[in-house]
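Here is a friendly walk through a few features of the structure shown below. Have the viewer open while you read, and look up each element as it comes along.

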Amino acid sequence: MSNATIVGKAAPVRFENVSKRFGRDVVAVDNINLNVEAGKLVTLLGPSGCGKTTTLRMIAGLEMASDGRILIGDRDVTTLPATDRDVSMVFQSYALFPHMSVLENVSYGLTFSGFSKAETRARALAGLDLVGLKGFDSRLPSELSGGQQQRVAVARALVLEPQVLLFDEPLSNLDAKLRRQVREDIRAIQQDLGLTVVYVTHDQEEALAVSDEIVVMRNAAIAQIGTPRSLYDAPVDQFVADFIGEANILPCTIDSIDGDMATISIEDYRHTLPSRGLAAGPAKLAVRPSRLVIGADRGFTAKVAKATYVGVRMEYTLEASFGSMFAVHEDVDSPFEVGLDVTVGFSDKGPVLLPEA
Amino acid sequence: MRNTASETSASPALIFWIIAGWVGYLALPWYGIEDGFFTFEWLIDGYPLDGDYAPAAFLIGQGDKLWLAPLVLPMLLPLLALRLKKSDPNYARLLILSGALGFAWLIAQGFGIGIRGFNFEWLKALFGDLGDRQFGMGYGALLVASAFLFLFTQGIAARGAINGDVFVVSAIGGVIVIVTVFVFFPIAKMLLAAFITEEGGYSASVFAAKFFDDRLWGLGCLWGGRCGAAWNSLFLAILVGIITTVLGLVFALVVTRSGFRYKRALRALTVLPIITPPFVIGLALILLFGLSGTVTQFFADLFGMQPTRWLYGMPGVLIAQTLAFTPIAFLVLIGVVEGVSPSMEEAAQTLRANRWQTFRTVSLPLMRPGLANAFLLGFIESMADFGNPLVLGGNFDVLSTEIFFAIVGAQYDQGRAAVLAMVLLFFTLSAFYAQRMWLGKKSYTTVSGKGDAGVHPLMPKGLAVPVFIGAGVWGLFTVVVYGMILYGSVVELWGVNNTLTLKHYVTAFSVRIEDSGIRWTGAAWDSFWTTIYIAAAAAPLTAIVGLVTAYLLTRQTFAGKNAFEFGTMLSFAIPGTVIGVSYILAFNVPPIEITGTGIILIVSFIFRNMPVGVRAGIASMSQLDKSLDESSLTLGANSWQTFRKIILPLLRPAILAALVYSFVRAMTAISAVIFLVSAEYDMATSYIIGRVENNDYGLAIAYSTTLIFVMLGAVGLLQLLVGRTRIGRRTQFTAGEKA
């Protein structure tokens with residue numbers, strides 16, 4: 001019976017005006033709308049206390065929404081408890097049952113799902129195989145390393161072939177090197193099986209690396225939804241710009257609008273970029289450190305205040321008349337000296353105007 | 001360099017103990033003073049030449065007790081070490097040699113020569129009759145013995161044991177010696193007593209005759225007769241263990257897994273066993289179900305039933321012990337039930353297990369060690385309980401009361417008491433051992449790092465209903481029983497004359513104010529003040545011994561640490577009656593002769609309650625990060641300074657808890673106490689038992705009620721103090737990460 005295979009039964013998840021309050025006045029999630037397409041990996045990203053874990057637990061059925069509707073597939077699950085939802089979850093602490101062997105842990109959910117004994121075993125073994133833990137079935141969780149425990153937790157959730165698979169900060173208990181590998185493994189399994197995955201993290205790099213789509217949350221609400229690239233390149237506001245990667249927020253003036261392009265000026269430096277619906281006047285500009293070109297032909301003047309060698313590149317702190325900024329430069333062999341006045345320009349696709357003032 | 005100083009000059013600890021040894025030898029009375037440890041009449045009564053008060057040196061000078069003379073040699077040796085450097089191997093050798101020689105000689109002469117000269121025939125044969133004798137050790141001997149012990153440990157430390165840390169080695173040595181003297185030695189002595197014939201020889205057949213007694217192992221109850229005390233105790237203890245565990249779990253589930261509103265009130269239940277003298281429950285049951293009890297009378301009037309004595313025997317003891325020990329099981333299980341990681345249960349739910357399946361397959365198995373723990377605690381407590389069987393037992397003999405009657409009864413049979421105590425000890429130690437084996441085998445600790453947020457699910461419905469009914473009924477019963485205690489203390493004569501009166505309180509606690517001051521005219525004052533005095537003296541000592549031991553166990557690693565831990569926790573499994581019997585047998589003859597004094601009471605409390613101090617210390621010390629000690633050590637403090645300046649201040653709550661808890665336990669203890677009290681040192685509990693035996697229930701209950709309130713006051717004070725010290729600390733996770 002080793003021909004059992006794990007397949008995905010992915011379903012979309014929809015939140016309609018969902019709120020969650022704890023007690024009378026703690027609002028953990030405030031009226032959010034969210035669509036997770038089937039077969040996609042969507043990350044909930046945000047600082048701690050922003051409501052991302054509560055959102056995840058509402059999908060799992062561990063918290064009940066105070067208002068609104070939650071749909072998985074076309075079924076309204078708003079009031080269904082966790083047991084009756086076709087969802088499984090990988091916990092931050094893994095929550096492996098310490099009194100059961102690895103195989104018993106992985107079979108646990110199957111025994112409540114109407115499988116025969118033989119099939120339960122075959123599926124559990126297939127699940128362990130999938131995460132690369134063949135032969136570990138009789139071990140106790142306490143006899144595994146952190147990374148192996150994590151994979152058992154994943155296998156345990158996978159074998160149920162859930163409509164939605166949830167991850168609650170799955171990498172936070174692993175060391176840095178393992179993190180990169182495990183997140184690639186999770187992404188590979190998700191894509192191979194075509195699973196719908198909702199993934200909570202507070203690490204923006206992790207989110208950028210694994211996601212089809214990222215939901216940035218702030219203060220119990222959604223700040224922005226988009227693909228990793230669109231969030232990085234076109235953040236809607238200062239919060240998102242700062243949270244996803246680093247960004248320099250510079251003051252500028254919009255001189256003129258031409259169609260959907262705007263011409264801006266900083267000191268005497270002019271640059272043309274998408275207007276994003278703004279009118280002429282003062283505005284704010286977000287520029288990634290790597291998109292600042294030091295020593296450009298055209299640009300504004302700044303002084304090198306600090307220069308740090310970090311191996312693969314140089315990092316500079318630049319002082320201009322309107323404030324300081326952070327820039328990186330690939331040339332490590334002939335760095336700019338501290339105290340030098342340089343001309344700083346933008347690369348072509350670099351800066352974006354922030355719609356919100 | 002801070003090391004250079006201590007390299008060249010002798011350490012202060014060494015000088016201190018050398019001087020202490022000489023003071024003990026030259027200046028302090030060598031033997032115990034008859035009038036008591038803390039009387040100082042000897043200073044003006046013939047000291048230093050009178051034989052009863054003379055220091056060892058004066059005795060030898062007068063040609064007496066010449067066997068003390070050889071002690072001079074090991075006392076001179078460390079003086080040579082003063083000139084040596086610490087790193088010199090001879091420094092360590094000298095100290096070890098001196099300490100070992102001196103200590104060994106002290107022990108040898110102590111046991112070899114007693115009140116009647118030589119204690120052993122072969123010594124008499126070898127040296128002839130001694131024609132002299134010696135009594136129990138006193139200040140001088142105590143100080144000299146301590147000096148030898150700590151010279152020895154300093155020598156061991158100088159050889160590099162435990163990084164050459166004098167404080168740690170000395171603490172380990174000290175704890176080992178006092179535990180050996182006050183736990184293992186009496187037990188060993190008691191085991192020997194089981195083999196002593198009436199002529200004073202040793203014989204296995206004596207033991208066999210007493211051991212295979214029908215009164216101990218008889219199985220008559222299977223066909224209508226009476227069973228032996230051993231079977232009775234075992235059967236009762238198993239029943240009590242099971243029932244208290246189930247009830248404890250029921251209460252724990254109500255508190256942690258239900259929407260019950262008055263959880264705080266339920267938690268107050270856990271205070272009850274701490275502040276209630278064990279037999280008080282038995283008294284209250286008599287007021288309810290005894291021949292003239294309220295409930296009995298009520299049913300007799302209603303149905304015309306003849307009141308029976310059903311309460312006296314197994315049923316009564318079972319009910320009383322269940323009432324008394326359920327809160328203990330609750331206390332254990334509440335921690336365990338709360339300790340099951342919520343994400344485990346949430347994980348089970350997301351894996352499609354319903355509430356009942358989650359409870360059965362995940363929650364309950366994870367609580368298993370706690371359940372075993374609660375069962376064994378109930379088992380041991382029931383085995384060791386003395387008060388309730390004494391009050392309610394009737395013809396139902398159990399080991400603890402049989403031991404008592406073997407010692408104080410008309411039969412006065414030390415051997416039989418020792419055999420019974422051995423059987424009792426065997427049962428409790430087996431339980432203790434089983435508990436450790438069982439818990440040691442499987443790792444139930446939640447395998448996870450951080451991030452254990454989440455909430456416990458509610459109980460499944462099918463479970464919640466019986467749980468609520470059980471908790472409700474039993475809770476109500478407990479309230480009624482405690483109400484009875486209060487009410488019974490203000491009733492003239494229970495069941496006969498139910499008029500309210502304060503006369504029992506007046507009899508016990510009346511006070512007359514005269515010109516010369518307050519006169520404590522009440523009958524109970526004597527034992528009351530003795531109890532307070534003894535409990536107050538024992539509490540700080542218990543806390544010190546407990547915390548030092550906890551420090552060694554959590555913070556230091558040394559060879560034999562597991563055995564050390566087992567030894568110190570062992571006294572927890574030794575029933576009070578066994579302690580009582582063994583103390584009488586061990587300490588009524590030299591070299592340690594303290595029977596009938598207050599000291600023996602204090603000592604028995606220290607070692608009975610030491611595990612409490614150890615546990616409190618371990619619990620709070622393991623929460624202190626070890627890097628705190630390490631940073632202190634790297635900043636130049638030694639481990640004693642670290643202990644005093646860093647650990648102790650952070651342990652304030654634990655210290656307070658250990659203090660109050662040992663104080664309160666000393667006030668409620670009965671099982672060991674009843675053997676050790678004397679006319680001069682009568683304790684409250686044994687006084688009350690005496691009243692009960694005279695059928696003077698009113699006074700007994702009034703006194704018990706007073707004790708309960710005194711102890712409630714002590715516990716309340718503790719809460720207040722501990723609460724206050726916590727305010728100074730920052731609470732780390734105020735809201736918990738709910739996002």
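In this predicted model, Thr301(A) faces Thr343(A), which belongs to β19(A). That pair sits where β16 (residues 300–309) and β19 (residues 341–346) of chain A run antiparallel to one another, joined over four bridges.

- β16 and β19 belong to an open sheet of five strands in chain A, ordered β15-β19-β16-β17-β18 and paired in the antiparallel sense.
- At the edges you will find β15 (292–294) and β18 (323–329) of chain A, and each of them pairs on one side only.
- Ignoring direction, neighbouring strands in this sheet are turned against each other by 45° on average.

**The sheet around β11 and β12 in chain A**

- Another open sheet of chain A has five strands in the order β13-β12-β11-β14-β20, again with antiparallel pairing.
- Its edge strands are β13 (269–274) and β20 (352–353) of chain A; each has a single partner strand, so one side of each lacks a neighbour in the sheet.
- Within this part of chain A, β11 (residues 248–258) and β12 (residues 261–266) are antiparallel partners over five bridges.
- To locate one of these pairings by residue, look for Ile254(A), whose bridge partner in β12(A) is Ile264(A).

**Domains of chain A**

- Chain A is assigned two domains, with domain 1 spanning 13–238 and domain 2 spanning 249–353.
- The C-alpha centres of domain 1 and domain 2 of chain A are 39 Å apart.
- Where these domains of chain A touch, four residues of domain 1 are in contact with four residues of domain 2.
- On the domain 1 side of that contact in chain A, the residues are two nonpolar, one polar and one charged.

**Domains of chain B**

- The assignment for chain B gives domain 1 (8–159), domain 2 (232–445 + 456–488) and domain 3 (514–727).
- Taken over C-alpha atoms, the centres of domain 1 and domain 2 of chain B are separated by 50 Å.

**Helix α8 of chain B and its packing with α7**

- In chain B, α7 (residues 139–158) packs against α8 (residues 166–193) at an angle of about 135°, and their axes are 8 Å apart.
- At that angle, α7(B) counts as oblique to α8(B).
- The crossing of α7(B) past α8(B) is right-handed.
- Residues of α7(B) that make the contact include Leu149(B), Phe150(B) and Phe152(B), while those of α8(B) include Val166(B), Val169(B) and Gly173(B).
- By class, the contact of α7(B) with α8(B) comprises eight nonpolar, five polar and no charged residues.

**Helix α8 of chain B and its packing with α26**

- α8(B) also meets α26 (residues 576–587) of chain B: their axes come within 8 Å and cross at roughly 85°.
- Among the contact residues are Phe185(B), Ile187(B), Lys189(B) and Met190(B) from α8(B), along with Val581(B), Tyr583(B) and Leu585(B) from α26(B).
- The contact of α8(B) with α26(B) divides into nine nonpolar, one polar and one charged residues.

Technical notes. Residues numbered from 1 in each chain as written. Chains lettered and ligands numbered in written order. Predicted model: local features only at pLDDT ≥ 70, side-chain atom pairs only at ≥ 80, totals over all residues. Pairing = 2+ DSSP bridges. Helix = DSSP H or I, 4+ residues; strand = E, 2+ residues; numbered from the N terminus. Domains from an automatic or database assignment. Contact = placed C-beta atoms within 7 Å. Nonpolar A, V, L, I, M, F, W, Y, C, P; charged D, E, K, R; others polar. Axes fitted to C-alpha atoms, helices over the stretch in contact; angles between N-to-C directions. Parallel < 35°, antiparallel > 145°, perpendicular 65-115°, else oblique. Left-handed = near helix turned anticlockwise from the far one by under 90°.
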